[in-house]
Amino acid sequence: HKNHIVAFAPFAVAVIAAQLQNANPLLVAKLSLGFILLRILYQIFYMLDIAVLRSLIWTLGFTANCWIFIVSFVPKEFSIEEFLHSFGLTPLVEYL
């Protein structure tokens, strides 16, 4: 359970930063829900002692948390689709 406590701090900071920056609330909600669901999966794979899947899920959760930070710094006049396209990440748009 200590891993969940440690993971919560950056998640809370990311969500607060997104709120303070007036980030797209629907996108932040989707990423937050994804993070929480991944943390639940992480716990399941931890209890089942499946290290490879647990590590993969942890990485995906960390990535979701990073995206919450990234989204909070996208200017309002710059859509997330344009932001992803500028970095060559256009295929990711369909998942948002």
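Me: What does "buried" stand for, and how is it set apart from "exposed"?

Reply: Buried means under 20% relative accessible area, exposed means over 50%, and partly exposed is in between (1.4 Å probe, protein chains only). Ser32 has 12% relative accessibility, so Ser32 counts as buried. One caution first: this is a predicted model, where local features need pLDDT of at least 70, side-chain atom pairs count only at pLDDT 80 or more, and totals for chains, interfaces and linings use all residues. Residues are numbered from 1 along each chain as its sequence is written, and side-chain values use heavy atoms, with hydrogens and water left out.

Me: How much of the protein chain counts as buried?

Reply: Of its 96 residues, 28% do.

Me: Where is Ser32, and which residues does Ser32 touch?

Reply: Ser32 sits in helix H2, residues 25–47. Contact means heavy atoms within 4.5 Å. Leaving aside residues up to four places away in sequence, Ser32 touches Phe11, Val15 and Ile68.

Me: Is Arg39 buried or exposed?

Reply: Buried, with a relative accessible area of 10%. Arg39 also lies in helix H2. Not counting residues up to four places away in sequence, Arg39 touches Asn3, His4, Ala7 and Trp58. Take Asn3: Arg39 and Asn3 are 36 residues apart in sequence, yet 9.7 Å apart in space, C-alpha to C-alpha.

Me: What describes two packed helices?

Reply: The angle between their axes and the distance between the axes. Axes are lines fitted to C-alpha atoms, for helices over the stretch in contact, and angles run from 0 to 180 degrees between N-to-C directions. Helix H1 (residues 2–20) and H2 pack at about 175 degrees, with axes 11 Å apart. H1 and H2 are therefore roughly antiparallel. The cut-offs: under 35 degrees is roughly parallel, over 145 roughly antiparallel, 65 to 115 roughly perpendicular, and the rest oblique.

Me: Which residues make that contact?

Reply: From H1, Asn3, His4, Ala7, Phe11, Val15 and Ala18. From H2, Val28, Ser32, Phe35, Ile36, Arg39, Tyr42 and Gln43. By class, the contact has eight nonpolar, four polar and one charged residues. Ala, Val, Leu, Ile, Met, Phe, Trp, Tyr, Cys and Pro count as nonpolar, Asp, Glu, Lys and Arg as charged, and the others, Gly among them, as polar.

Notes:
Helix = DSSP H or I, 4+ residues; strand = E, 2+ residues; numbered from the N terminus.
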